[in-house]
Amino acid sequence: MSHNDEIPAAAHGYIALTPAACTSCMLCVRECPSWCITLESHAVQTSEPGARRPTTVSVLDAFTIDFGLCMFCGICVEVCPFDALEWTPRFDYAASDRSGLVQAIDQLSGSGDQR
Amino acid sequence: MRTVESSRWWEELSALAVDGFTYLDYLTAIDRGTHLDLVAHVVNPDTVEHLLVVAALPGDSAVVDSLVPLHAGANWHEREAAEMFGITFTGHPDPRRLLLRDESAAPPLRKSTPLPARVDTPWPGAATAGGDDAAGRRARRQLPPGVPAQWVAEGP
Ligand code: SF4
Ligand code: SF4
């Protein structure tokens, strides 16, 4: 049964991540008052055709939100300069153990198993 | 909002009660760093006017008259403010702890009291964008906002 139709689109239900938009800038991780976001990234050098020097970009390796600690304040969503985080009305992510509340890229981006 | 001298806390709240502010909605405190603000919110039930009354208390000798003889409902609020902020309410009829069991615990809502979870937990924000060896240098070490540096656990 789904009540998703009745929940406003911007409801503080679940925080979705768009990995392609995330630059691993760490702003959300640092601003989160609950310290419940973790991020791992590595740097790679890229050369654009015609550019004089290669640029260094961060590549996102891991991103987790621990919904067992999150207080749904929305600060991470507000501070993300690239709109990589957004509220979604999802609510059905109860877990049978504590670790199930720590959601990784697959779950946050909706690309993997939603449970 | 009305700011009053802490030595006149009882007198001011009594005068307000005579003026119709007979209902104490809540009483709490705020640690401003330099001092504590004791806050009472009183309501006039006839006119529904309401007023915040604030008195500054020095952090190292936070003593003030209890309002319980005036507002019986202040009883638990003062017991909570006493244990959370280290305030002594003179004349309180039952100054036991309300929520905290540990008699020796430092008042947890004082900003000077370390929060164990913040001391024990490595801050996830300490990681550097691009990894620690991004471009062969380590970015300036970041510290979590609002947490005294000496509380911060070293990362793994
Ligand atoms: S909503 Fe608030 S507590 Fe939850 S992850 Fe974002 S910043 Fe942290
Ligand atoms: S603030 Fe946005 S872009 Fe920066 S690390 Fe967080 S999700 Fe990625």
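In chain B of this predicted model, helix α1 is followed by B:G20, whose phi is positive, near 110 degrees. The helix spans residues 9-18; helices are DSSP runs of H or I with at least four residues, strands are E runs of at least two, and both are numbered from the N terminus. B:W9, B:E12, B:L13, B:S14, B:L16 and B:A17 are its buried residues, buried being under 20% relative accessible area with a 1.4 Å probe and protein chains only. Their cover includes strands β1 (2-4), β2 (23-31), β3 (36-43), β4 (50-57) and β5 (63-65) of chain B.

Turning to chain A, strand β1 (residues 14-17) is covered on both faces, with A:Y14 and A:A16 buried on one side and A:I15 and A:L17 on the other. This strand pairs with β4 (residues 85-88) of chain A in the antiparallel sense over four bridges, where pairing requires at least two DSSP bridges. A:L17 has A:L85 as its bridge partner in β4(A).

Between the chains, 16 residues of chain B contact 15 residues of chain A (heavy atoms within 4.5 Å). Together they bury about 1,200 Å², 60% of it on carbon and sulfur atoms; this is the accessible area (1.4 Å probe) lost on putting the two parts together, summed over both. B:R118, B:P124 and B:G130 supply 40% of the area that chain B buries against chain A, more than any other three residues.

Residues are numbered from 1 along each chain as its sequence is written, and chains are lettered from A and ligands numbered from 1 in the order written. Local features need pLDDT of at least 70, side-chain atom pairs count only at pLDDT 80 or more, totals for chains, interfaces and linings use all residues, and side-chain values use heavy atoms, with hydrogens and water left out.

Conventions:
Buried means under 20% relative accessible area, exposed over 50%, partly exposed in between (1.4 Å probe, protein chains only).
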